[in-house]
Amino acid sequence: MKKSRICMSAAAILTIALSIPTLALAHSFPETESPSAGQTLASPPPDVTIKFDAPIEKLFAKLEVVGPDGSNQALGGPQVSDDATQLSVKVPALKPGEYTVMWAVVGIDTHHTEGSYTFTVGNGGS
């Protein structure tokens, strides 16, 4: 009887240990951004979009586009795509300058990730 308890405990530990890498890979991280990080645009974009490598929770998604004056340029709240892998927000006709995109999401695995990047809107011919 004692031997079977040890085998069952070892099997449970092995199962848990093997599932940990899978859980770690489930975090939601950006795959692509539009506009891209560091990009200089000749004309302002109609929106800012981030595509994630795993689904995100709609209720906890945040996306801001902070302008040169420090104000959030997002028009309304962020939208999450039907497959929950894309986060976007509409923006007005952005004036020339550097913009900081700040995002925060919670993946369906309940892990929080966040980050930021910048892009620049040029003077029409940049």
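## Aromatic pairs

Phe119 is buried, with a relative accessible area of 0%; buried means under 20% relative accessible area, exposed over 50%, and partly exposed in between, with a 1.4 Å probe and protein chains only. Tyr99 is buried as well, at 3%. This is a predicted model, in which local features need pLDDT of at least 70 and side-chain atom pairs count only at pLDDT 80 or more, while totals for chains, interfaces and linings use all residues. Residues are numbered from 1 along each chain as its sequence is written, and side-chain values use heavy atoms, with hydrogens and water left out.

The chain has two aromatic pairs, where rings of Phe, Tyr and Trp (its six-membered ring) pair if their centres lie within 6.5 Å; planes under 30 degrees apart count as stacked, over 60 as edge-to-face and the rest as tilted. Phe52 and Trp103 are edge-to-face, at 5.4 Å centre to centre and 70° between the planes. Phe52 belongs to strand β3 and Trp103 to strand β7 (residues 97-106), so this pair ties together parts 51 residues apart in sequence. Both Phe52 and Trp103 are buried. The ring centres of Tyr99 and Phe119 are 5.7 Å apart with planes at 20°, so that pair is stacked. Tyr99 lies in β7 and Phe119 in strand β8 (residues 112-121), so the pair links parts 20 residues apart in sequence.

## Sheet

Four strands form an open antiparallel sheet in the order β1-β3-β6-β5; two strands pair if DSSP finds at least two bridges between them. Strands β1 (30-34) and β5 (75-80) are at the edges with a single partner strand each, so one side of each has no neighbour in the sheet.

Strand β3 (residues 47-52) pairs with β6 (residues 86-90) in the antiparallel sense over five bridges. Within this pairing, Ile50 has Leu87 of β6 as its bridge partner.

## The loop at Ser81

Ser81 is in the loop between β5 and β6. Its side chain makes a polar contact with the side chain of Asp83 at 2.6 Å; such a contact is a pair of N or O atoms within 3.5 Å, where within protein one must be able to donate a hydrogen and the other to accept it, and residues adjacent in sequence count only if both atoms are side-chain atoms. A polar atom of the Ser81 side chain also lies 3.3 Å from the backbone nitrogen of Thr85.

Terms used: Helices (H or I, at least four residues) and strands (E, at least two) are DSSP runs, numbered from the N terminus.
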